[in-house]
Amino acid sequence: MYLRVVHRRGWEVELVEEGEKRSFGSREEAMAFARSLAPDWIELGELIPEREGVPQHHRWTTLRKRPDGSYSDSGLGWGGRRLAG
């Protein structure tokens, strides 16, 4: 199973292969739902506001499920440097 959690007007969880979407009020709620489905990969898209010389865009991080069921950054990402914290 492959999921995408993306910040748009709220936070959406897209079940990519099924073509379905669910909306949530916060990143935490969306990620909790995504993790509960136990996909192998979660693609996380965070909205980066427009700033001087850079239009609004998404920064993407790909999380991979570990053998213990937790998720960690796979090192795959695009759309800008991740913020610390």
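These questions and answers explain how some terms are applied to this predicted model.

User: How are residues numbered, and what is counted?
Analyst: Residues are numbered from 1 along each chain as its sequence is written. In this predicted model local features need pLDDT of at least 70, side-chain atom pairs count only at pLDDT 80 or more, totals for chains, interfaces and linings use all residues, and side-chain values use heavy atoms, without hydrogens and water.

User: Why is the pair of Phe-24 and Phe-33 called tilted?
Analyst: Rings of Phe, Tyr and Trp (its six-membered ring) pair if their centres lie within 6.5 Å; planes under 30 degrees apart count as stacked, over 60 as edge-to-face and the rest as tilted. The structure holds one aromatic pair. The centres of Phe-24 and Phe-33 are 5.2 Å apart and the planes are at 35°, so the pair is tilted.

User: Why does Phe-24 count as buried?
Analyst: Buried means under 20% relative accessible area, exposed over 50%, and partly exposed in between (1.4 Å probe, protein chains only). Phe-24 has 17% relative accessibility, so Phe-24 counts as buried.

User: What makes the contact of Glu-14 and Arg-4 a salt bridge?
Analyst: A salt bridge needs a side-chain nitrogen of Lys or Arg within 4 Å of a carboxyl oxygen of Asp or Glu. The closest N and O atoms of Glu-14 and Arg-4 are 2.8 Å apart. Glu-14 is buried at 9% relative accessibility, while Arg-4 is partly exposed at 22%.

User: Which residue also meets Arg-4 in a salt bridge, at 2.7 Å?
Analyst: Glu-43 does, at 2.7 Å from N to O.
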